[in-house]
Amino acid sequence: PQVFGASPYLGSAFIALLHLFAAYLLYRLAEDLMEPTAALFCLALMLFSPWELLYADRIWASNLAPVFGSVAMVAAWRAKEHEIWQVVLLCSVLILPQVHLSAPVLWAFCGALVFLRRPNNWSRRAVLLAIGITVLAYSPYLVVEIQSGFENTRAIITRGTGTKSWSVALSSAGMSWLYPVIYGSSEIIYHLEQGQWGEFALAQADLSEAARAQWFQKRGALAGWAALATMAACALGWIVALARSKEIRPWVWASVAGVAAGSLLLLLARKPFFPHYANVLMPGLLIAPAWGLSRVFRGS
């Protein structure tokens, strides 16, 4: 988009349009998996989630990753239906690492989904086409790496892990399991405190009176209770989806696999948790709780 001018608004608008496209793809999939009302509810969550909006407003690698993720997640589901989706799936998961190194989280999701919804056969033509497109996409970077003696690749290998204590690593791994609930809520203190640029704690890790006071002091009474209520609702949606889903069961368990991969990788890398490490699965992570909440509202 910057070919058409230097204004950063051009890039911002382009990223926003890509996120709208991703939401549309997921909505069309939700229409196949849910009744119409539930699919519309899911679309509303995807369009108005503060966490989706945060990563849809500027050119940044972490803002582009969810677009690749959404396309790959939909393609992984539809790979059973047509070979063109096999091309899209393979291109998405293979090209993503040059955009964001959270790619293994997406690989785990797509791998689990393809395993649970195995295509009858993989088209050799689709595989070869995907490999050709991937090689073409990597060619400029491969030339640079060869010229520099693979300087960037070596830097990623030697500096890609952290030096935090194992207690911090365990905390990071635990936060990976909390954020699928927060992603579907109105909790936005992370945005307000610029957490994406530094280490961030959601709240004191206890239920003491001081921790409760801190929660409402930062957010105010209305936003504080709204955050707790929407987090509880999202958690309920996940519980129902995990316990009762049939038609979307592969999607639910693929989501669990993706989150588990992120949790394990953060533990092994000994790095602090940042939500954009897992947002490659957004807004697809909202499908499971949306399905669960729709069943709660229907009383079924």
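In which hand of crossing does α11 pass α12? The crossing is right-handed. The views below show a predicted model.

**View 1. Helix α11 crosses helix α12.** Helix α11 covers residues 209-219, and helix α12 covers residues 221-244. Their axes come within 6 Å. The crossing angle is roughly 115°. Angles of 65 to 115 degrees count as roughly perpendicular, so α11 is roughly perpendicular to α12.

**View 2. Contact residues of α11 and α12.** From α11, the contact takes in W215, F216 and R219. Facing them in α12 are A221, A223, G224, W225, A227, L228 and M231. By class, this contact has 8 nonpolar residues, 1 polar and 1 charged.

**View 3. Helix α6 packs with helix α13.** Helix α6 spans residues 103-116; helix α13 spans residues 249-269. The two pack at an angle of about 150°. Their axes lie 8 Å apart. Angles over 145 degrees count as roughly antiparallel, so α6 is roughly antiparallel to α13. Here, α6 passes α13 in a right-handed crossing.

**View 4. Contact residues of α6 and α13.** On the α6 side are P104, V105, A108, F109, A112, L113 and L116. They meet P250, W251, W253, A254, S255, A257, G258, A261, G262 and L265 of α13. The contact of α6 with α13 has 14 nonpolar and 3 polar residues. No charged residues take part in this contact.

Technical notes. Residues numbered from 1 in each chain as written. Predicted model: local features only at pLDDT ≥ 70, side-chain atom pairs only at ≥ 80, totals over all residues. Heavy atoms only, no water. Axes fitted to C-alpha atoms, helices over the stretch in contact; angles between N-to-C directions. Helix = DSSP H or I, 4+ residues; strand = E, 2+ residues; numbered from the N terminus. Parallel < 35°, antiparallel > 145°, perpendicular 65-115°, else oblique. Left-handed = near helix turned anticlockwise from the far one by under 90°. Contact = heavy atoms within 4.5 Å. Nonpolar A, V, L, I, M, F, W, Y, C, P; charged D, E, K, R; others polar.
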